[in-house]
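Hello,

Here is the structure you asked for. My notes follow below it.

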Amino acid sequence: MASKPGPLTRWPRQGLGNYKYALVAPWAARSTYRFVTSGNEERDLLGFAVLPVLLLRLLYGQIWITVSRHQTARSKHRIVDKSLDFDQVDRERNWFHSLHHTHFRSNYSLFMPLYDHLYGTAHKSSDNLYERALQGREEEAPDVVHLTHLTTPASLLRVRLGFASLAAAPSPLASRYCCSVLAAAARPVAALVVALLGRTAFRSEANRLHKLNLETWVVPRYTSQYLVSKKGLRSVWRLVEKAVEDAEASGARVLTLGLLNQSNELNKNGELYVIRKPNLRTKIVDGTSLAAAAVLHMIPQGTTDVLLLGDATKIKMSSVLAKALCQREIQVQIVDKDLYEYLMRQELRPETHKHLLLLSDGIRSSSSSSKVWLVGDKLTGEEQRAAQAGVHFVPYSQFPPDAAVRGDCVYHSTPALVVPDAFENLHACENWLPRRVMSAWRAAGIVHALQGWDDHECGTRVTGVDKAWRAALAHGFRPYDRQP
């Protein structure tokens, strides 16, 4: 691989990056206009067909790339057992192959080996290596499975099976909604994938940490499909239950539930699967303890009171946060009356009741005191505008707030951690998080397996905030927060 290419090895448009594709726009617009406005005899069918044929060629190539990446994620047909990281993804955008990287001065021609045979640069082991890879090998059983789901049709392009360059970069928006152009382009492809894989979760990524084999599975459903009526949730529920069964059959020790796969409305934070299968060998982990610990460590030091905007749909996370804060003698102000009564009646010890305060006038009554707001993904623009300048918005939900409308306030990251340096084969970003940063819910399952804990953390079961945090740090995870 050339580290310092010569002056004629780059196209003049190379410096434009992805904007170089805009150079095609004037020609495409002109050929389309002439085809539509010209008479039948004068139409230039050949010129008009160039762009659709080009797009079909790209689609055809991407289909096979996706198939090959799926095989790589399964580990059965992997050729080179080396970790693929973000730097390699960046290099391969200009310079996605095995023998050339292990035996230099051979196999230069990628998928056109004719020229290697003509010029004598085909490696002698090429045919044998192909036969061995085609036969495959025994698939490695995962130790930890992280079960996530698609957020929008455009998110399909950002998983590892889609475009490597998109998967290797965080979502450009601090929201689960992508730009309309990307969504429109992805919608037909997403519809095809959901139709083909709609009955089971598909494997999108395989990683390794020390002796643990880690996999990410994706439920082919969008966020909007988790927010429908109870009747519509049944199909999603069956998909998640099927993934739990598949994880147990594969020998996984731990299954983490990401995004809305652990919602209270869907499965009571995963508890329903344990109830239905009391002897479930795979441990279900919703990651509440580690996520709550990550939230606590984003709260500025010296904070004496916080505003907790929670409701009954996130009762577990709200309860764990409120208990931890009250034990630290930090006053917790709450707007939701039902949540307040639940905490006072069932969660808090009597000696900590004095640290919990119900705001009868809503969030506006707290604007003069609370400089830290613990918020969910349903935070509205009106609620943000009620805050005074300098307020810290700290999300405790899986999703960030839809929009940040206050330039004079500080918006923190969703609960997340930086992965250990020993974490291998990580080359895809998790939604809006930057490179080598992982959601706390996903990290919780890895810590659970590393520690060898033999209990579930789902439903009302909690590992312990401090216990989970100490274990995560001991295994090399580090705190993360978005830079203000």
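**Helix α13 and its surroundings**

The buried residues of α13 pack against α14 (315–327), β9 (372–375), β10 (392–395), β12 (416–418), α17 and α18 (465–474). Some ground rules on the source. This is a predicted model, in which local features need pLDDT of at least 70 and side-chain atom pairs count only at pLDDT 80 or more, while totals for chains, interfaces and linings use all residues. Residues are numbered from 1 along each chain as its sequence is written, and side-chain values use heavy atoms, with hydrogens and water left out.

Terms used here: helices (H or I, at least four residues) and strands (E, at least two) are DSSP runs, numbered from the N terminus. Buried means under 20% relative accessible area, exposed over 50%, partly exposed in between (1.4 Å probe, protein chains only). Contact means heavy atoms within 4.5 Å.

Nine of the nine residues of α13 are buried, so this helix is largely enclosed by the rest of the structure. Among them are Ser289, Ala292 and Leu296.

Helix α13 (residues 288–296) packs with α17 (residues 440–451) at an angle of about 125°, their axes 8 Å apart. Axes are lines fitted to C-alpha atoms, for helices over the stretch in contact; angles run from 0 to 180 degrees between N-to-C directions. The two helices are therefore oblique to each other (under 35 degrees is roughly parallel, over 145 roughly antiparallel, 65 to 115 roughly perpendicular, the rest oblique). On the α13 side, the contact is made by Thr288, Leu290, Ala291 and Ala294. Ala440, Trp441, Ala443, Ala444 and Val447 make it from α17.

**The five-stranded sheet**

The sheet is open, with order β2-β3-β1-β4-β5 and mixed pairing. Strands pair if DSSP finds at least two bridges between them. The edge strands are β2 and β5 (283–285), each pairing on one side only. Twist averages 20° from one strand to the next.

Strand β3 (residues 212–219) has eight of its eight residues buried, so it is largely enclosed by the rest of the structure. Leu212, Leu214, Thr216 and Val218 point one way; Asn213, Glu215, Trp217 and Val219 point the other.

β1 (residues 144–149) runs parallel to β3, joined by six bridges. Threonine 148 stands opposite valine 218, and histidine 149 opposite valine 219. β2 (residues 202–209) pairs with β3 in the antiparallel sense over seven bridges. In their hairpin, with two residues between the strands, histidine 210 takes a positive phi near 55°.

Helix α10 (residues 230–250) lies across β1, β3, β4 (254–257) and β5, at about 160° to β3.

Best regards
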